[in-house]
Amino acid sequence: MNAADHPKPRRNVELVLLLLALLISIGAQVLVGLALDDELTTPYWVEGSILAALALGFHVVLRIRAKYADPFILPIVVTLNGLGIAMIHRLDFTAAFDGVADRQLMWTGVSMVAAVVLLWWLKDHRKLRQLTYISLAASIVLLLLPIVPGLGQDMYGAQVWVSIGAMSFQPGEIAKITLAIFFAGFLANNRDLILLAGRKIGPMTFPRARDLAPLFIAWLVALGVLIIQNDLGNALMFFGLFVAVIYVATSRISWIAIGGAFIALGAVLAYQMVPHARQRFEIWFNAFDDEIYNREFGGSHQLVQGIFGLAHGGLTGTGLGNGNPSMVALANSDMIIAAFGEELGFIGLGAMLLLFLMLFSRYMRAAIGTRDHFGKLLATGLAVVLVLQVFVVVGGITRVIPMTGLATPFLAAGGSALLANWLIVALVLLISHNARRPIVVGPMVNTSGEGATGIEDPLRGSDTGQHAPAESRAETREHFLGGER
Amino acid sequence: MNHAIRHIWIVSVTLFVALFAALSLIQVVLTDELNANQKNSRQIIATAGSPRGPITVDGEAIALSVPAENSPYDYQRVYRDAELYSGITGFYSTEGGSSGLESALNDYLSGQSDSQFFDRISALFTGDSMQGAQVELTLNGQWQRMAFDMIPDGLRGTIIVTDLTTGDIKVMASRPSYDTNELAVHSRDAYLQNLERIEATPGLTPHSLGPIRNRIAPGSTFKLVDTLAMLESGDYDPDTELENPPSIQLPQSVNELENLETGNCYQRQEAEFRWIFAQSCNTPFAEAGMDLGQQALLEAAESFWFNQELTIPLYVTPSHFPEEEISDAALALSAIGQQDVGATALQINMLAAAIGNEGTLMRPQLVDTIRGTDLQVLSQPSPEVLNEVMSPDVAAEITEMMVETVESGTGWRAQSSRFDVAAKTGTAEIGDGEGLVNSWITGFAPADNPQYAVTVVYERLEPGVGNELTGPQMLAMLEAVIGE
């Protein structure tokens, strides 16, 4: 192995893309300012500089701490986050909102600093594997917090908030991460057992009940809490996460079948037991029905107005500041996609969806690239969390699925979701760094502590599934070429 | 494992493809239908929030559009001296329609009129937001202010001043009034609340202007119509001696028609027409009306534009004289401006204006000029003859009688030291059982070279109060508008 065969850090690519990202997001801010303010006052430049400083600071930390990390993730996320702030700022000019953009910028700062701290402190994602069961406990506590009397708060029909003084927070957002860690850790530890023991029924092999038990309990807790909290969007996301990670761990269709059955069961239960959910289905099917449209609470007004907003934008959009996005309730959080669709048009919103598509593809690329099962499962889980968040929100607004409230990652106003998504970015960057950095053969890794447990063992590091030999060859080759797939 | 991850990726991309499909349906394929959906108010907002042209008086805007802040609409309509002009400008609401000139001239003000076609085309290419046309009114701001301030708050009063040679309306002030800005608000709740409060005021509706909407009993001012019919018949001239009994028995009726006890009429049982006119005695006019017949009075009334439509360009309610056959008793009462006769304040002003203008009735007009955004004139109504009501000789005879009314008759309070004033007063019983009356004066000056016709009317007054208001206020207006 010579130096030329080593993977390139590609941090310079990231820097160039990052400058492009800053150009887009600060440019959007400037356009908002030109359209709606008389002049570009100092705050515009201050805010632009803060965003640039944060992004470039993050980049520098990556150069020092994770120089083989994926170079596309940070620029994509900065673009989305910057566009989000610009749109929130634009909506601050309407009667409905005021001063939200500053808060969003503040939360962006907090989130990015938190992500950097996590990146710096954690160094190697494999350490998280030790936290498997602590994560489960943490998830349960986080999900239960909002229904603790005196702490929880009911907003817009979903009880997902926790208030301490003037601060309110959605602990469920952080629970996405801890649950992903638990699923990944548990399955990485037990997949051999699950795979080997099982009963074959027809073409499919079904696992033993006791192997399923811990997952089933986790699923049950999530489901129960979410039904109690009325938060359908997150319920859907947790189910999706659960099924996807199990499928990746076992590569067996039977798990998809089981997962699908669970989802179907969950949906039926929700429909039967939660009036909120039934309403969502009604709205979905009959959005333009007069009776449902005019209903004071739980009507389709918001959905229909959002669709009108999208249609108003058309192919090219009205331009930032020229539409009426504030006609849609919650335009800067749950419905920010409709605001983007109206003012940036199909072209603008389509480009943003493509950014999301690229982003989750990079997450999954990191999952494919990394050599440890835990990392693969965690990165896939986090990617699925991203996919489902975007799909549930955009699909809800475009009537592909019933509308449920979820924050659009990086775009919507709201600190909790922003923090959670930036922490996910930090984790995926670490995983991708581990995936692409050259293997250091010798004592260094193997003696570097518990985090290295057995990972470098070729027998356990390769896939034991059907396609194992071919795949591990491919991975090896890829690694030596330092290539991207 | 990687295989499974790729499967997950394929599923994820499939989900995104579904999103793209749905988005392109909404944003590209179905846009027209969605934009036209009746639940979609964005189109309405775009029109409602677009900048409208200003309405100006003496070149200064009394209604204008300014960029709106914190509103779904782009522009906010603002009214200056709102109460002074409320009935004329009307209001323009994004929440509940419009009234007044905002409604009558909406095509021009919004830039949608035919004559602004090329402006619209050029705005399409330059991307400018289309500005509506500017409407300059015939009103005189200073006089309008003076007239409005003279009307005591709490009364229902109207003062109209027209240039009788051109028909230009110089003053049209009335109370009660309201602040049009309160109805131009962009909040539906505030709009409905304000509307309810405004409509709770008796005699006030934000949807039309009292002096051209309300048809009320004209009382003795209607004797100008009788006089025209009498002189035109050839049976009467100003010196004809007429019987003047204190009261007459109405035919087929138990009611009697009396001269007013407070006036001078009961002093003489017989008098020449000019004296009867100046003292406004009822019985001779009632007799003359019955002698001439309904047809003669109807013709005289219609020549002054009773029973006919008029827009100035605000819609003016046609004043009413019965066309269907009525009893002699009703005819006698109608001849003295009661019973079946109803007139707007503007109609009564038109009586004086036609007489002052040598018998030629000019079309009343509120709009001086309408200009496009580039100041080119889109419309400029020139003075228009509405009707040749009478010959100059008859007009001169009536003028002479009206001058006498001011010099030695019921209109003495309108006497000026600077010029001769010609006027006719009127007090009409409303007949609502409360004894309230409408108090009128209408006339013009200078009598030898008439320039302006002035009408002052107060509705629903206690008897005896009105004369102290109408005569002096007419005089004040005339002295203000007629230069040295």
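Mentor: Start with what counts as a helix: a DSSP run of H or I, at least four residues long, numbered from the N terminus. Keep in mind that this is a predicted model.

Trainee: Which helix holds B:Asn349?

Mentor: B:Asn349 sits in helix 16 of chain B, residues 345-356.

Trainee: What makes B:Asn349 count as buried?

Mentor: The cut-off is 20 or more other C-beta atoms within 10 Å. B:Asn349 has 30 such neighbours, so it counts as buried.

Trainee: Which residues touch B:Asn349, leaving aside neighbours within four places in sequence?

Mentor: Contact requires C-beta atoms within 7 Å. On that basis the partners of B:Asn349 are B:Ile160, B:Thr162, B:Thr442, B:Ala453 and B:Thr455. B:Phe444 is 95 residues away along the chain, yet its C-alpha atom is 9.1 Å from that of B:Asn349.

Trainee: What share of the contacts in chain B with a separation of 6 or more joins residues 24 or more positions apart?

Mentor: That share is 68%. Chain B has 484 residues, and 51% of them count as buried. Its secondary structure comes to 18 helices and 21 strands.

Trainee: How do you know that strand 20 and strand 21 of chain B are paired?

Mentor: Pairing needs at least two DSSP bridges. Strand 20 (residues 437-445) and strand 21 (residues 452-461) of chain B are joined by 8, and they run antiparallel. One example is B:Ser439, whose bridge partner in strand 21 is B:Tyr458.

Trainee: And what joins strand 19 to strand 20 of chain B?

Mentor: Again 8 bridges, with the two strands antiparallel. B:Glu429 has B:Val437 of strand 20 as its bridge partner.

Trainee: Which sheet do these strands belong to, and in what order?

Mentor: An open sheet of 5 strands in chain B, ordered 8-7-21-20-19, with antiparallel pairing.

Trainee: Why are strand 8 and strand 19 of chain B called edge strands?

Mentor: Strand 8 (169-175) and strand 19 (422-429) each pair on one side only. From one strand to the next, the twist averages 5°.

Trainee: Is strand 19 of chain B mostly covered or mostly open?

Mentor: Mostly covered: 7 of its 8 residues are buried.

Trainee: What is the strand order in the open sheet of 6 strands in chain B?

Mentor: The order is 3-2-1-6-16-17, and the pairing is mixed. Its edges are strand 3 (75-79) and strand 17 (377-379) of chain B. Neighbouring strands are turned by 30° against each other on average, direction ignored.

Trainee: How do you know that strand 2 and strand 3 of chain B pair?

Mentor: The requirement is at least two bridges. Strand 2 (residues 60-67) and strand 3 have 5, and they run antiparallel. B:Ala63, for instance, has B:Tyr79 of strand 3 as its bridge partner.

Trainee: Which helix lies across strand 1, strand 2 and strand 3 of chain B?

Mentor: Helix 4 of chain B, residues 82-89, running at about 85° to strand 2.

Trainee: Now chain A. How do you know that the length of helix 3 of chain A agrees with its residue count?

Mentor: At 1.5 Å a residue, its 20 residues (73-92) should span 28 Å. The end C-alpha atoms are 29 Å apart, so the two agree.

Trainee: Why is helix 3 of chain A described as largely enclosed?

Mentor: Because 20 of its 20 residues are buried.

Trainee: What do the corresponding values say for helix 15 of chain A?

Mentor: Its 22 residues (415-436) should span 32 Å, and the end C-alpha atoms are 31 Å apart, which agrees. Of the 22 residues, 21 are buried, so helix 15 is also largely enclosed by the rest of the structure.

Trainee: What makes up the largest nonpolar core?

Mentor: That core has 149 residues. Among those with the most contacts inside it are A:Phe183, A:Tyr363 and A:Leu382. Helix 13 of chain A (residues 336-369) gives the most, 18 residues.

Trainee: Which residues does A:Leu382 contact beyond four places in sequence?

Mentor: A:Ala180, A:Tyr363, A:Ile424, A:Leu427 and A:Val428. Another core, of 125 residues, lies apart; B:Phe444 is one of its members.

Notes: Residues are numbered from 1 along each chain as its sequence is written. Chains are lettered from A and ligands numbered from 1 in the order in which they are written. This is a predicted model: local features need pLDDT of at least 70, side-chain atom pairs count only at pLDDT 80 or more; totals for chains, interfaces and linings use all residues. The expected span of a helix is 1.5 Å times one less than its number of residues. A residue is buried if 20 or more other C-beta atoms lie within 10 Å of its own, exposed if 12 or fewer, and partly exposed in between; C-beta atoms are placed from the backbone. A nonpolar core is a set of buried Ala, Val, Leu, Ile, Met, Phe, Trp, Tyr and Cys residues joined through C-beta atoms within 7 Å. Two residues are in contact if their C-beta atoms, placed from the backbone, lie within 7 Å. Axes are lines fitted to C-alpha atoms, for helices over the stretch in contact, and angles run from 0 to 180 degrees between N-to-C directions.
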